[in-house]
Amino acid sequence: MKVLLISPNTLTIPYPVYPIGLDYVAGSLSATHQVKIADLNILDRDALASLLLDFSPDIIGLSLRNVDNTEIGDPLFFIEEYKELVAWLRARSQAVLVCGGAGFTILPHEIFTVLDLDYGIIGEGERFGLLVDALENEHSLSDIPGLLSHSAPAQATAPWTGKQQRQFTRTASHYQFYLDHGGMLNLQSKRGCSFRCIYCPYPHIEGKKHRLVPPDEVARTALNLQQAGAKYFFITDSAFNSDIAHSLAVAKAFQKHGVSIPWGGFFAPIKLPDDYFKTMHDAGLKHVEFGTESLSVTMLQNYRKPFRPEDILTAHNQALDAGLHVAHYFLMGGPGESEDTVNETLTNIDSLKKTVHFFFTGIRIYPHTVLYDMAIAENKITADTDLLQPVFYACDGINHQAIENSILQKAGKRINWIVGSGGTAAATTVTKMHQRGYTGPLWEYLIR
Ligand code: B12
Ligand code: SF4
């Protein structure tokens, strides 16, 4: 079978993101199939039309990563663009159209209804290989977990336990684009998150239990990216340190295998061994992005975060002492947020020195989360509410605009306090710096 995998994600905020998911989807296909990746960051519609004509795919796999940008004050919604693309593809190709990806997995039925698809795969794309083989051999599709079609609702999906193989080819035409725009590729060291923060869809997307990639294998992939010219990599794990021992073993494997480029990732500010960040630093870690969310004792409890304000401060100082760049993400406006809890966070923030803060002032409600159940129980939404168009939790004590005003007032002229991801303005600066040869996420230039 001829398989075309499309990454339609052209969002440049905060920077263009290498479509790592499609490497795994490509890796799920047996060698008998021909596969090409079309990344719309490098292909315009004319080039895509020529590719469709020349390659004439039997199956098109569409990666749907972002539904929206989850920013209440500066919203972007991408589903209309996917709709237009699907119609455009239908007009030029007879191929079977299959969709998957993180965004798709959160709201599969809603997206399947809106887009004119043949199949959807909920969860991990490794199941795509099963679908392609079954279609080729005209086998029954009924035992492919997570498969959505017009004739059958999806079966419940357990996390994928089969082989996960990333097919990273340095000759793939799209990968040079990312090297030319910041030099960043990405890497996964495990799937799943074992924490249960009330608003978070990650355990639903990736699984509630960790599935660890052996550290030597992670390091070999990292080395492969480095040898292919990567100047930096971002670890895509929900929280790299949610399994402390595994993250340390991965760091040590980087050193053992000679991985020498800098890297970054998401970290939870939990209690960590004293020398944790020193070990990470010695293995090349440069940027720590803490999912801090709040500095209010009440709100951290309400969110069921696995840490308290004092743990945040300790982790922050440990990372600074190890010579790392540190940023904190805040998520405000959840159940119980009030003027008092906002002020508590904004006052406690002063104890975090030499950092950048990214503030998200509304929490999107996702299915399969405790926040969803709370919003139903509180009559803020009903079971029929369409969540494809972002719906943000409306807390009773304060609205998102008042939270944003408090942040802006307290921020004054500080450039290291950013509402949302910084929007187009920040992305334009990052693009210019990438063009001048700077690599990585670059938020360290804002640190104050
Ligand atoms: C790491 C990450 C980031 C990093 C990426 C860094 C980098 N260099 O890669 C940063 C911080 C930059 C980032 C930014 C953003 N992110 Co982000 N990010 C993630 C995260 C944690 C992991 C994504 C990832 O790479 N996973 C690893 C790969 C291997 O998995 P995958 O791509 O999902 O692919 C697998 C499956 O989905 C599937 N699959 C993928 N494609 C296809 C295609 C087919 C045909 C099939 C069958 C299957 C399939 O198979 C793959 C293997 O199993 C996810 C949450 C999560 N846990 O998934 C959010 C997530 C994807 N991000 C999200 C968002 C919204 C954003 C931003 C818009 C936020 C913002 N306002 O700035 C930006 C957009 C950036 C951009 N240009 O696209 C949302 C998307 C959902 C939504 N509401 O739309 C998610 C789901 C988080 C959330 N809020 O729930 N992100
Ligand atoms: S917010 Fe972070 S730590 Fe909490 S469940 Fe989600 S990924 Fe895990």
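By class, how many nonpolar, polar and charged residues does the shell around ligand 1 have? Select that shell and colour it by class: there are 23 nonpolar, 17 polar and six charged residues. Keep in mind as you click around that this is a predicted model.

Stay with ligand 1 for a moment. In total, 46 residues surround this ligand, and the closest ones to pick out are Gly21, Gly61, Ser63, Gly100 and Gly125. Now switch to the cartoon view and look for the elements that give two or more residues to the shell: helix 1 (20–27), strand 3 (59–63), strand 4 (96–100), helix 4 (102–106), strand 7 (184–187) and helix 8 (202–206). Helix 1 is the top giver, with five residues.

Next, hop over to ligand 2. Select Cys193, Phe195, Cys197, Cys200, Tyr202, Pro203, Ser238, Ala239, Ala268 and Gly291, and you have what surrounds this ligand. Eight of these residues are nonpolar, two are polar and none is charged.

Last stop: Leu387, which sits in the loop between helix 15 (370–377) and helix 16 (400–411). Show its contacts beyond the neighbours within four places in sequence, and you'll find Leu107, Ile365 and Pro367. Finally, draw a distance from Leu387 to Ile403, 16 residues apart along the chain: their C-alpha atoms are separated by 23 Å.

How values were computed: Residues numbered from 1 in each chain as written. Chains lettered and ligands numbered in written order. Predicted model: local features only at pLDDT ≥ 70, side-chain atom pairs only at ≥ 80, totals over all residues. Near = placed C-beta within 6 Å. Helix = DSSP H or I, 4+ residues; strand = E, 2+ residues; numbered from the N terminus. Nonpolar A, V, L, I, M, F, W, Y, C, P; charged D, E, K, R; others polar. Contact = placed C-beta atoms within 7 Å.
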